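Work through the exercises below with the sequence and the model open. Each task is followed by a solution in steps.

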Amino acid sequence: MGNSALPANPPADNLPGSNLPEFVGVLGGGRMGAGIAHAFLIKGANVLVVERDDASAEAARERVESAAAKSIERGALDGNLDEMVSRLTVTVDYDDFAGRQLVVEAVPEDWDLKVTALRGIEERLDDDAYLASNTSSLSVNGLARELKRPQNFLGLHFFNPVPASTLIEVVLGEQTSDALARAARGWVQALGKTAVVVNDAPGFASSRLGVAIALEAMRMVEEGVATAEDIDNAMVLGYKHPTGPLRTTDIVGLDVRLGIAEYLQSTLGERFAPPQILRDKVARGELGRKTGKGFFDWNG
């Protein structure tokens, strides 16, 4: 049965799948993929991360192991690092997804790349296995139409940084089964996070609202209304946002925000048109924290 309306929220103890799948896969071991792998690993799952080459695989392993070690050092997690690491496998072979009960795709926000990745994963999975995309803006319905088992597919939008974030956006496609929709809420709860459940729409809830605020903040900088720091402080101190929209943009990546804005402009209209200041910064390679400069200087 499809999900034209959001399923009712049943009591947690009645949720199918309220315990995490034992065998979880993640495609992509960058910042987001490693964070997703870490989230499942510390809650007891056996986690497989597949990367594109040996160097990327080794870097992914280091990210996940480092995050797990830091969780233990901070006292946020009781556990043995060696035991946790024993449940982590990192490879470069899609065939290793065979037998996984849930796989989360976490490759960059590029339509063709995601479609190729999702198809490649799906053909290795059992018919009753579940597949999710960590897309932050691309159409879940559109991606589902590229798959053979759309009823077993949905969006699981994790937030950066995954270990510190308490939110996961569960994005339901028109053909997502009710059983998967219920199970996904249980998984989010088991990860110690909170689910926001939305039907598929451009930008979902979080990206659509977050980008709208960020684009207006950029226009204010462009127009000389105030500095980036003062605009962010207005939102942090006045509206209790934990981080201002421009600093958040630096953390997410200006190139990522530009891509999302362009997609929302194409689907929702000119109110999401990227300001020239954003295009100029991306063209200069000022992509935010990952390059040392965006709306703020991250080198100090």
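**Exercise 1: Thr249**

Thr249 lies in helix α9, which covers residues 245-252. The model used here is a predicted one.

Task: Decide whether Thr249 is buried or exposed, and state which side chain is the partner of its side chain in a polar contact.

Solution.
- Step 1. The relative accessible area of Thr249 is 0%. Buried means under 20%, so Thr249 is buried.
- Step 2. Setting aside neighbours within four places in sequence, the residues in contact with Thr249 are Ala214, Met218, Leu254, Arg257 and Phe295.
- Step 3. Of these, Arg257 is the partner: its side chain makes a polar contact of 2.7 Å with the side chain of Thr249.

**Exercise 2: Helices α7 and α10**

Task: Find how helix α7 and helix α10 pack, parallel or perpendicular, and which residues make the contact.

Solution.
- Step 1. Helix α7 spans residues 206-222 and helix α10 spans residues 254-268; they pack at an angle of about 105°, and their axes are 11 Å apart.
- Step 2. Angles of 65 to 115 degrees count as roughly perpendicular, so α7 is roughly perpendicular to α10.
- Step 3. On the α7 side the contact is made by Ser207, Arg208, Gly210, Val211, Ala214 and Leu215. On the α10 side it is made by Arg257, Ile260, Ala261, Leu264 and Leu268.
- Step 4. Sorted by type, the residues of this contact are seven nonpolar, two polar and two charged.
- Step 5. Ala214 and Arg257, which belong to this contact, are also among the residues in contact with Thr249.

**Exercise 3: Glu286**

Task: Place Glu286 in the chain and describe its surroundings.

Solution.
- Step 1. Glu286 is in the segment after α11 (276-283).
- Step 2. Its relative accessible area is 12%. The limit for buried is under 20%, so Glu286 is buried.
- Step 3. Not counting residues up to four places away in sequence, Glu286 touches Leu254, Lys281, Thr291, Lys293 and Gly294. Leu254 is also in contact with Thr249.
- Step 4. The side chains of Glu286 and Arg284 are joined by a polar contact of 3.1 Å.

**Exercise 4: The whole chain**

Task: Compare the radius of gyration of the protein chain with that of a compact globule.

Solution.
- Step 1. The protein chain contains 11 helices and eight strands.
- Step 2. For 300 residues, a compact globule would have a radius of gyration near 19 Å; the protein chain has 19 Å, so the two agree.
- Step 3. The C-alpha trace spans about 55 × 45 × 40 Å along its principal axes.
- Step 4. Buried residues account for 48% of the 300 residues.

Note on methods. Residues are numbered from 1 along each chain as its sequence is written. This is a predicted model: local features need pLDDT of at least 70, side-chain atom pairs count only at pLDDT 80 or more; totals for chains, interfaces and linings use all residues. Side-chain values use heavy atoms; hydrogens and water are left out. Axes are lines fitted to C-alpha atoms, for helices over the stretch in contact, and angles run from 0 to 180 degrees between N-to-C directions. Helices (H or I, at least four residues) and strands (E, at least two) are DSSP runs, numbered from the N terminus. Angles under 35 degrees count as roughly parallel, over 145 as roughly antiparallel, 65 to 115 as roughly perpendicular and the rest as oblique. Contact means heavy atoms within 4.5 Å. Ala, Val, Leu, Ile, Met, Phe, Trp, Tyr, Cys and Pro count as nonpolar, Asp, Glu, Lys and Arg as charged, and the others, Gly among them, as polar. Buried means under 20% relative accessible area, exposed over 50%, partly exposed in between (1.4 Å probe, protein chains only). A polar contact is a pair of N or O atoms within 3.5 Å; within protein, one must be able to donate a hydrogen and the other to accept it, and residues adjacent in sequence count only if both atoms are side-chain atoms. The radius of gyration is taken over C-alpha atoms; the globule rule is 2.2 Å times the number of residues to the power 0.38.
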